[in-house]
Amino acid sequence: RPVEQFLHDLRFGARLLVRGRGFTAVAVVSLALGIGASSSIFSVINAIVLRPLPVAGADELYIAQVTEPHEIDLVFSSAVVERAANLLAGRAELAAQSSTESVLVGLRGDASPQTARLQLVAGDFFGTLRQRAQIGRLLGPGDNRTVGQHPVAVISDRYWSRRFGRTARVLDTELIINGAPMAVVGVAAPDFFGATVDRQTPDIWAPAAMQAALRFAGNYERTGGDLRKPW
């Protein structure tokens with residue numbers, strides 16, 4: 001009997017919808033808009049809030065920041081980062097990352113550079129996050145020893161697939177990033193997108209010591225707008 005009653009109600013509802021076509025159209029459009037909006041909102045929340053960082057011990061990670069009245073500052077000079085790492089040695093690991101910026105990336109002899117997302121990292125960034133390269137190697141403290149003397153880069157799995165078709169010959173390929181030649185030394189793990197959950201994940205990671213050479217403009221106003229002075 002419950003099945004018969006359900007089928008009866010279903011037929012009755014269908015007849016009402018056919019009679020009131022205007023009402024039916026409004027109801028269908030409203031449902032479509034509501035479902036679409038809900039799906040979009042969930043996609044954003046999932047990308048920013050729910051998706052966990054693809055690293056071991058993510059609950060042990062902390063962000064260091066300076067708080068002033070009515071202001072939170074996340075920018076530190078490389079000298080401050082180095083001193084802090086020395087003070088914390090043996091008790092905690094510390095690494096630095098910049099924001100991500102859009103840059104022009106070309107290949108040697110390529111007249112059509114493309115845009116990509118670049119992030120600068122200092123210290124043992126990949127080591128702190130317990131990362132291993134798919135191929136090649138990742139960046140380490142030695143890649144930040146001297147300003148402007150470490151033209152190497154690591155690319156993401158997604159960028160490797162999109163730009164190079166996942167060929168192993170990508171190693172030592174020379175990328176021209178904002179006019180500066182940078183050799184690809186490794187490809188990050190497939191699920192690694194960095195230490196920040198957002199929708200603008202990096203395509204390329206480079207040493208912070210190369211900031212001036214790469215004309216990486218993030219926060220350069222702190223050095224009087226002079227891109228030759230790394231912050």
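A: Arg158, Arg162 and Asp203 are joined in a network of salt bridges. This is a predicted model, in which local features need pLDDT of at least 70 and side-chain atom pairs count only at pLDDT 80 or more, while totals for chains, interfaces and linings use all residues. Residues are numbered from 1 along each chain as its sequence is written, and side-chain values use heavy atoms, with hydrogens and water left out.

Q: Why is the contact between Asp203 and Arg158 called a salt bridge?
A: A salt bridge requires a side-chain nitrogen of Lys or Arg within 4 Å of a carboxyl oxygen of Asp or Glu; the side chains of Asp203 and Arg158 meet at 3.7 Å, N to O, so the pair meets the definition. The pair links distant parts of the chain, with Asp203 in the loop between β8 and β9 and Arg158 in helix α5, 45 residues apart.

Q: What makes Asp203 count as buried?
A: Buried means under 20% relative accessible area, exposed over 50% and partly exposed in between, with a 1.4 Å probe and protein chains only; Asp203 has 4% relative accessibility and therefore counts as buried, whereas Arg158, with a relative accessible area of 48%, is partly exposed.

Q: Why is the pair of Phe125 and Phe192 called edge-to-face?
A: Rings of Phe, Tyr and Trp (its six-membered ring) pair if their centres lie within 6.5 Å, and planes under 30 degrees apart count as stacked, over 60 as edge-to-face and the rest as tilted; for Phe125 and Phe192 the centres are 6.5 Å apart with 70° between the planes, so the pair is edge-to-face. Phe125 lies in helix α4 and Phe192 in the loop between β8 and β9, so the pair ties together parts that are 67 residues apart in sequence.

Q: What makes the pair of Phe192 and Trp205 tilted?
A: The ring centres of Phe192 and Trp205 are 5.4 Å apart and their planes stand at 40°, so the pair is tilted. Both Phe192 and Trp205 are buried, and ring pairs link Phe125, Phe126, Phe192 and Trp205 into a cluster.

Definitions and conventions. Helix = DSSP H or I, 4+ residues; strand = E, 2+ residues; numbered from the N terminus.
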